[in-house]
Amino acid sequence: MTSHHDRSTWEPEDRGMNPSDNESFATVLQRATLRRRSFLKGGSSLIAASMMGMGLAVLGDTLKPGQTVASAATAEGLALNFSPVAKTLADQVTVPAGYTVNVLMATGDPLTNRVAAYKNDGTDTDFEFRSGDHHDGMHFFSLNPRNVNRGILCVNHEVCEDLGFVHANGPTNYGADNINARPMAEIDKEVNAHGVSIVEVVKQGNSYAINKGSRYNRRVTAATPCDLTGPVRGHQKMVTSYSPQGVATRGTVNNCANGYTPWGTYLTCEENWWGYFARREGADVRPAQEEYALQRYGIKGDTSGRYNWARLGANDTTDVYARWNTAKMSDRPDRDFSNVANTFGWIVEIDPFTPDSRPQKRTALGRFFHEGCWPAPAQAGRPVVFYSGDDARNEYVYKFVSAQMWSDRDQEGGLEAGAKYLDQGTLYAAKFNADGSGEWLPLTLDNPAIANYSEYKFADPADVLINSRIAADAVGATKMDRPEWGGVHPVNGEVYFTLTNSVSSSSGRGTKTPLDAANPRFYRDEKGDTTNAGNVNGHIIRWREAGNNHAATAFTWDVYLFGAQADAGDDVNLSGLSAENDFSSPDGLWFSDAAPGLLWIQTDDSAYTDQSNCMMLAAIPGQVGDGGSKAIANKAVPANGGADQTVTTYAGQAATPTTLRRFLVGPKDCEITGITETPDGTAIFVNIQHPGENSTSATNPAEFTSHWPDGGSARPRSATLVITRNDGGRIAL
């Protein structure tokens with residue numbers, strides 16, 4: 001989403017980084033009986049004491065004796081059972097009649113009883129004990145598989161609000177062009193507002209509340225020590241002053257979407273990490289290959305970093321702040337942080353049930369702008385498979401296939417199981433062919449396309465993972481229109497991915513990047529005095545792996561839905577969207593556990609926000625091939641020499657209000673992102689990110705575009721919602 005803060009500077013979907021000439025282009029696991037999540041782990045006496053301290057009652061199990069959560073889900077066909085929500089520009093969260101919305105935690109809310117309530121005037125500190133900012137991907141973990149009323153919620157915090165609502169007078173000496181020293185207190189607050197919040201939540205009445213006395217509550221921030229694991233651990237390109245052995249780093253940043261594992265751990269994903277690092281000191285001359293890699297990931301020699309965290313001036317007596325400077329300051333990498341950017345861009349595994357455990361950066365899954373990491377259902381005797389997107393314009397879809405075969409004995413394995421399955425395996429990039437077929441291209445030195453790539457000479461297998469983007473360039477993977485969230489259909493195993501949009505005057509779809517069957521649209525969309533051109537409203541692609549085997553190297557694909565305004569012409573509104581279900585820029589995507597086959601779609605849009613705030617829709621999708629081929633007539637395509645261009649693609653069946661309905665519309669200027677549920681499906685958790693993003697002041701309420709969630713003249717805050725049905729039934733059905 002572009003704003004007056006020039007978010008495009010930091011959102012790589014609006015900043016092309018792929019110079020290659022390639023062809024253009026959370027799912028549901030079977031819930032394990034996780035005995036390590038039993039009351040023995042938490043200590044029932046401690047829990048009871050903390051409940052009394054917060055005035056909550058632990059409710060009894062809602063499942064019948066001998067019944068599992070999985071068997072509680074109905075087997076009959078699903079049907080959406082709510083009235084569609086109309087588009088709206090109101091500064092509120094709008095849901096169907098019969099539903100209630102409560103705010104679970106907003107930016108700055110305390111996670112323990114030791115921290116004061118958030119004043120929301122910019123004077124609050126202690127963010128290492130408060131909810132972070134920019135709530136994003138999340139997951140609910142049951143503490144007891146037979147008790148849906150108590151669990152641990154892991155919530156990502158993507159960034160700290162650019163406008164500076166967390167500071168009393170806005171940020172000081174902030175931004176990529178500033179070379180002045182920043183106040184330590186401001187940097188510390190912003191660093192600690194990043195990362196992940198891990199909190200115990202307990203059912204209270206018909207909703208949920210945080211148990212502030214829980215021993216599970218903690219923050220993982222941009223300062224938390226993390227281990228580097230897998231093939232890249234100890235590699236010379238991971239050596240820094242902080243870790244001369246190349247085995248550790250500090251912090252995780254830009255935690256966007258997420259994932260979870262069959263062994264009960266949380267995966268948080270580092271997306272736009274490139275913008276955090278300063279690189280402008282001295283000549284900073286690098287060898288040609290190293291410079292090529294830095295440029296491919298957007299780290300040029302002209303920036304102080306998004307927040308200018310590297311500059312603390314004379315007050316910096318340690319490397320705590322200097323570590324954000326990736327410029328070469330020494331002739332030895334163990335004496336500076338010239339390699340520090342290589343320690344970011346990974347999948348990070350966290351054990352929410354072991355508060356003293358260290359986050360693990362799993363390098364076998366590759367380094368790029370990870371939007372998320374979604375598992376296929378684990379099957380005994382087969383590899384474990386995860387899907388991930390690189391959220392930038394003209395980037396790729398990836399798949400990781402473990403070397404080890406899954407064993408149900410590892411369902412309680414924690415980080416030890418993570419090391420077994422995530423530290424060895426094969427990373428693939430996707431190629432979507434014009435005939436509706438596809439193939440997974442291995443990113444290994446055994447692949448001649450990588451071993452003999454003329455643009456970059458890979459030193460060893462670890463280098464292939466550190467520079468996964470370049471490896472995907474080498475094999476000719478398909479450039480996509482911003483691959484974001486994904487998920488695996490729990491009934492038929494098909495994989496869905498959102499392609500949010502591709503709009504740019506320089507390198508967007510149809511401008512510089514040619515159209516292709518999987519990214520087939522170029523059109524012009526008017527919004528006020530602005531004309532957007534490209535794949536303005538985005539689409540959702542899906543595929544079926546060969547033989548329904550997620551480790552297969554071939555697949556068949558089609559486009560599930562094309563985003564569009566309902567009254568757009570048939571050449572744009574290709575999925576037959578109506579006022580009840582039209583949408584733009586699909587971002588979040590998630591399949592329900594409790595209602596297998598129910599799909600949720602969330603938007604992060606700027607093209608359609610003159611008609612509606614961002615939204616969330618419920619869907620019951622069909623399957624690959626339920627539609628047919630479709631010829632799309634694109635007018636005056638710049639990448640086609642300005643001539644018209646018809647592209648044949650494969651589209652799913654048209655949407656109807658029976659199969660797709662708008663369930664929620666958020667407040668002003670927000671993004672709807674992140675969703676999870678209780679195991680019985682009677683409560684869902686949804687994140688509202690950066691309401692009021694287009695405000696023109698951090699301190700003058702008259703210039704705020706939103707005051708949500710507190711109302712009045714309050715500063716806007718990101719927040720996690722709990723949504724329940726008033727009659728206690730399953731959501732949406």
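Predicted model: local features only at pLDDT ≥ 70, side-chain atom pairs only at ≥ 80, totals over all residues.
View A. With a relative accessibility of 5%, Thr-221 counts as buried, because buried means under 20% relative accessible area. Its side chain forms a polar contact of 3.4 Å with the side chain of Asn-192. The side chain of Thr-221 also reaches the backbone nitrogen of Ala-223, at 3.0 Å. Leaving aside residues up to four places away in sequence, Thr-221 is in contact with Val-191, Asn-192, His-194, Gly-195, Gly-251 and Thr-252.

**View B. The buried face of helix α5 (residues 288-296).** Ala-293, Leu-294 and Arg-296 are buried in α5. Viewed down the helix axis, the buried residues of α5 fall within an arc of 165 degrees and therefore line one face of the helix. The elements that cover these buried residues include β15 (393-395) and α9 (468-475). Just after α5, Gly-298 adopts a positive phi of about 85 degrees.

**View C. An open sheet of 4 strands with antiparallel pairing.** The strand order is β1-β35-β34-β33. At the edges stand β1 (99-106) and β33 (671-677); each has a single partner strand, so one side of each is left without a neighbour in the sheet. Direction ignored, neighbouring strands of this sheet are turned by 25 degrees against each other on average. The antiparallel pairing of β33 with β34 (residues 683-689) extends over 6 bridges. Glu-677 stands opposite Ile-684 of β34.

Definitions and conventions
Residues numbered from 1 in each chain as written. Heavy atoms only, no water. Buried < 20%, exposed > 50% of the residue type's maximum accessible area, 1.4 Å probe, protein only. Polar contact = N/O pair within 3.5 Å; in protein donor to acceptor, adjacent residues only side chain to side chain. Contact = heavy atoms within 4.5 Å. Helix = DSSP H or I, 4+ residues; strand = E, 2+ residues; numbered from the N terminus. Arc of directions from axis to C-beta. Pairing = 2+ DSSP bridges. Axes fitted to C-alpha atoms, helices over the stretch in contact; angles between N-to-C directions.
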